[in-house]
Every structure is written in structure tokens, then in C-alpha cells.
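Subject: The structure, and some notes on it

Hi,

Here is the structure for you to open alongside this email.

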Amino acid sequence: MATRQVYWNVEGHNWLYLFFIIALAIFVYGVYKRVKLWKLGQPDNRWKDVWPGIKDVIVYTFAHKRILKDGYPGMMHAGIFYGFLFLAFATAIITLQADFAINIFHGWLYLFIKVTANLFGLAALIGIVVAAYRRYIQRPDRLDNKPDDAITLVLLFTILLTGFVIQGARIAVVPDPWAGYAFVGQWMSIPLKAMLNEAQLLSLHVFLWWLHLALAMAFIAYFPYSKLFHVLLGPLNQFFRNRGPIGIPEPIDFEDESLETFGKSQLREFSWKALFNTDVCLRCGRCQDNCPAYLSGKHLNPKRIIQDMRVLMEETGAAVQAQNKVLAQAAGQEAAAASESEETEEWTGRALIGEVIPEDDLWACTTCRSCEQQCPVFVEHVDKTIDMRRNLVLMETRFPAEAQLAFKNMENNGNPWGIGWTTRADFITGLGVKTFEEDPTAEYLYWPGCSGAFDARNQKVSASLVKLLQAAGVHFAILGNEEKCCGDSARKLGNEYLFYSLATENIEVMNNYGVKKIITQCPHCYNFLKNEYPQLGGNFEVIHHTVFLLDLVKSGKLKLSNADKKTVTYHDSCYLGRYNEIYEQPRELLKAVGLNIKEMAHTGEKSFCCGAGGGRMWLEEHEGQRINEMRTDEAIAVKPDYVGTACPFCLTMFADGIAAREVGEELKALDVAEILEKAL
């Protein structure tokens, strides 16, 4: 029967348990130290979705769903991960056989372990070599090398290499009829047998066996002090991640008189999960490589923000420990324990906003969430930015000068343009559209939004959409002058009180009219009405116009010709795509009218932001390139006739980009509704 002696040529192997206990103690202490740092944050219940969490670990950890989307480093990581996963399985089986008298290490299982351990061990070895080549020879910008990176790679490589040499030395001394299954060890045995005699092979084998054991124990002990810790923390973060609609900040109860601050300006004000995120980040740089602000030459780097918060957390933990030690010496352990829940900003000498994270970095974010979409371990970047913006706006009244005008306009006229609120319905009612006051039985509320009502370019989109709805016989009405800004820009820019005022007024008006279903052409309005208004009691069925129009086309209510044989490149709006996973419906509509779609370099989940999200529609870009012009260049590169959009902000940014590049004769930016209206 296929098997072998486990502790061949090794005496005193019982000492390994002492080494293991020492390594495990160091490991546990390291975990304890990190947990204490996370507990500096506020409570946050992340145990609400146990089964979905388990499924996410299976999909994103074991199946590598996100990691493999970045092919080259994804395959490299997969080789290392699966290699050590199968080697851990093999070690567990061998330990059960040798030390716990569970006789299973023989027959088909023995041969299976030999093959998989060699196959996946070799894959891990190759992965480590590729990782070292990429990190130290290719040196991509997204990787920042630290001593821990080199230590980790050398440690893993040496563990694997010594394991194979040990196997080769044994095969060289003891003829093994099953050696072919251990093909890497068999390869190793050939040069070893040629260079060394039996006594030397035995000495080499036992020396490397103990070295391999020492390295394995070092691996366990070093684990929580190094980037290796992400092997455990990554799956945990996937388990604890936010599910459902993304990007919904916790509401602020402005009637709660016990609240002393709004937003977050200190580390202790964030949840334990936010601090946990800083340890989860393994500095892979995918967020950096997909951040439009960073790629356009701005100082903002989402990876750096998370890593800088991690450093501050460690500084804070050290300060708390020192403070508690002083208190313990002065007043005993009870006083020290009591003080732990009463820490002040004296925890550390550095301010989170300003010294650790520059204010300009907070305002540079477009909230596109491309950083989060690409992160393989679901680090949450944007929510932290919004929380700090809230503090700057509500507590410090520090924000870009352009935001002041937008806030004032929304406060006084219910729209960021500052156009008189009494004229909101003028354009739409001129198209023969009734208000809910005039037609309270309407099935749908059409929500044109501020852009669709006031912006001259986007009024054309509203007109096209109205014609399409009327052609399909849809029974709809508008709120008219009773509609106010949905509050997207106010909330994303940190003015939570202004958002609260606008949203509660809108909800009250819609509830009074009994509105149930809403059609909107703006993804920002769509996202807020659908996902964020329920926080304040606004529960409506919200449909984006691309989804609604596709349903009308498929049902035969909207009849279109497909004679247009021109080409179009479709731009995925961040708030329609990443926030709400609407990618294919707009493309299906464009195909329905005969257009040939050409995709840009960044498309779908990796779409490049237009630059207007997160309230940046109202702010100037004072640093680096203009994001909208970079995106326009991507559109120009595929030489289409049209750039198709489904967002008024994106349409405006493309129109500006096309004008800046002086290609208005060759390229037109059109909303999907405008393209469809041509095909009526």
C-alpha cells in the first residue's frame, strides 16, 4: 500500500510541540495587540448577515472572484494562495497520522497529497518568484516596497524550497516506488544524489528538516505582525462587508441634543470596522490604479489615506497604553481601566484632518467608488471621506469656496444653479406635462431633477424623454415647482443638514400626493430617491429611464426604428453602474436602434469617472489634469459618432471635454433618451 514513514531520519521530533506552543503564544499576543487597536473605535454590529458573509468568503477568498479580475497579479496571488492552502491541508493530514494515531495517510489519499502538495507547492514557488520580480524588477507605481514585503517573500520562498529539498534528499536515499507522484522532489533528488553520498544526504535531510520546522514556526509567530495577516483579515472583511445599496452614510439625528459633534474628525469617532479596514489593506494598489483623482495627477491616493490612518491608529494605541500605564501607577488598575473609555484628543499629537489627511485630498474625491469596486478585500474608502467632509462643513465651516455658492443656491431656491424655484416647472409644463396637483391619478411621477429642469443642455434630454413616454402612452405627471433638489450634492459635500431639509420636504410632498412610482433620468437622483430616502421614511419604487424605456421597447409599447447604423461608445455613470449595477440596459437600448457599440478603455465596473460625482460638479479642479477631459480622450480614441450617456452630469462633462478638445464636428455627446427619440 502507498505510504511512507512520516518522521523518517528525525529524532526528538516531539520538541516541535514546544516550538509550536511558543509560536502560537507569540501569534495570539500579536492578534490581541491588533484587536486592542480596533477597539479604539466605536461599536458596530457586523454580524447581521452570517450566511451571506460565508458565501462571500467562498466566492471572494477561495474562488478569487475579484483578485483574478486583474490577470497578471491575480494569477500570481492564486498560485501562492492555493499552494499554501493545499500544503496546509497536507500538513494537517500528516499530523493526524503521525501524532494522533489516525491512520489515514496511505493509499489513494497518500498519492493525492503527494501530487497536490508538489503541484500547488510548485505553483506557490513560481508565484513567489513572479511576485519578487514584479515588486523589485518591474516596480509598478502602485506598489510601495517595505522591509516586511521582502521578509515575507524570503520566508515563504525558503519554507517551500527547503520542503522540496527535504523531499528530494529522502527520495535520493530511500528508493520510493511512488516517487513519480512527488515529481518536484524527484527532480530535486537527481542532482542531490549526484553531488552527495548517503551520509551527507542524511545529514542534509535532518538539518533542513529542523530548519524547515523553525521557519514554519517563525511563519506562525510573524503572521499577525506582517502583511501575512491579510490571509485571515481579508476573509473576515469580506464576511463583515456592507451589503445591499452602497454608499449610504449613517443619518445624523439633528434633534438629538446629546450630540456634541457632527461628522468625524478623530480616530476614536470611527467604528471598529473602519479601523479594522486599515489593517485589512495589503497595499496592493488596485484602488490607486483605478482612482480618477490620483490618475489625473491630484495628491489624493486612496491607499495612502487608509495606510496613514493605520499609522495614526498605532500611534494612538501607543499613546493610550502609555497614558494608562501612568494612571495605573498613580491610582491603581481601576482608575486606568475607567480612563480607557474617556480618552480625549490628546491620544496623539497629530490631527486626523489636516496633518494626517490633507483637506484637499478629502475634497478631491469624486465618490465614484472605483477604489472599492476593485479592492479584493472590500476596504471601504469613501464613507470615511464623507464623514470627514461632514465634520469640516458642519463643525468647522471649512469647505471650497465654490461649495458655498452651491449650498446657498440649494437653500434659497432648491437647486444648485440658484435659478428661481418658481420657474422649475416652466420648461416641462410647456411640453404638455401635467403636475400631480392637476392629475393626482397619474401612475408615475416623472422626476426631471435640477439638471433636467434648469440646465439648457439637459432640458433637451427632458424633452426627448417626455416625447418617448408620451409615445408609449405612459400616464405620468410631475411635482412642478414643489420639487426640490434631491440633496445628492449637499450630502456628498458633507452638508448633511441641508440634505436633511431638502429630502424631508420632498418626501412630505410625495407622500401627500400618494406617489408610489418614480421615473428619473439622473442616476444621482435615482440613487438617492431609491436607496437613501428610505432612511427618512421615503419608500418609493424608483426606476431609471434607461431601465424603464427598455421595458417599454420589449413590451412593444415603444416602437423604434433601427435604421441608425452609426457607432456609439457608452459611458457608464458611476452612480448608475457601480452604485446600482445598471450596465447592460442602456447598451441594449442603443443596440435596439441599430447602433454599433465601441467600448472605451475603461468600461463597465472599471469605467472611468466623468469627474462630477461627490458634489464635484460644482467645484473647480485646481490640481492635475481635468478628469472629464481624460475621459473624453478615451472616447475620442475609439472614433465613435456619438458618446452615449445616461446621466446629466456626465453629459455636461463630456460636452465640456469635447469643446476643450475641439472635436465637436466629429463627436456628439447625447443622452440615451435623445438617441432613442431620433428613432421614433
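Two strands pair if DSSP finds at least two bridges between them. Helices (H or I, at least four residues) and strands (E, at least two) are DSSP runs, numbered from the N terminus. This is a predicted model, so local features need pLDDT of at least 70 and side-chain atom pairs count only at pLDDT 80 or more, while totals for chains, interfaces and linings use all residues. Residues are numbered from 1 along each chain as its sequence is written, and side-chain values use heavy atoms, with hydrogens and water left out.

**Sheet S2-S1-S3-S4**

This open sheet has four strands in the order S2-S1-S3-S4, paired in parallel. At its edges are strand S2 (476-477) and strand S4 (541-544), each of which pairs on one side only. Strand S1 (residues 444-447) and strand S3 (residues 517-520) run parallel, joined over four bridges, and Tyr446 stands opposite Ile519 in S3. Helix H23 (residues 523-532) packs on this sheet and touches S1, S3 and S4; contact here means heavy atoms within 4.5 Å. The direction of H23 makes about 160° with that of S4 (axes are lines fitted to C-alpha atoms, for helices over the stretch in contact, and angles run from 0 to 180 degrees between N-to-C directions).

Is Glu483 buried or exposed? At 3% relative accessibility, Glu483 counts as buried (buried is under 20% relative accessible area, exposed over 50%, and partly exposed in between, with a 1.4 Å probe and protein chains only). Glu483 lies in the loop between S2 and helix H21 (488-492). Apart from neighbours within four places in sequence, its contacts are Arg424, Trp447, Pro448, Gly449, Cys450 and Asn506.

**Sheet S6-S5-S7-S8**

Another open sheet of four strands has the order S6-S5-S7-S8, with parallel pairing. Strand S6 (596-597) and strand S8 (668-671) are at the edges with a single partner strand each, so one side of each has no neighbour in the sheet. Strand S5 (residues 567-570) pairs with strand S7 (residues 642-645) in the parallel sense over three bridges, and Val568 stands opposite Tyr642 in S7. Helix H27 (residues 648-661) packs on the sheet, touching S7 and S8, and its direction makes about 170° with that of S8.

Leu651, in helix H27, is buried with a relative accessible area of 0%. Leu651 and Ala669 are 18 residues apart in sequence, and their C-alpha atoms are 6.4 Å apart in space.

**Salt bridges**

The structure holds 45 salt bridges (a side-chain nitrogen of Lys or Arg within 4 Å of a carboxyl oxygen of Asp or Glu). One of them joins the side chains of Asp44 and Arg46 at 3.0 Å, N to O; Asp44 is partly exposed at 26%, whereas Arg46 is buried at 12%. Glu314 and Arg310 also meet in a salt bridge, at 3.5 Å, N to O. Because they are four residues apart in helix H12 (residues 302-331), about one helical turn separates Glu314 and Arg310. A further salt bridge links Arg398 and Glu396 (3.4 Å, N to O). Through shared partners, salt bridges also join Lys264, Asp387, Arg390, Arg491, Lys492, Glu496 and Glu532 into one network.

Happy browsing!
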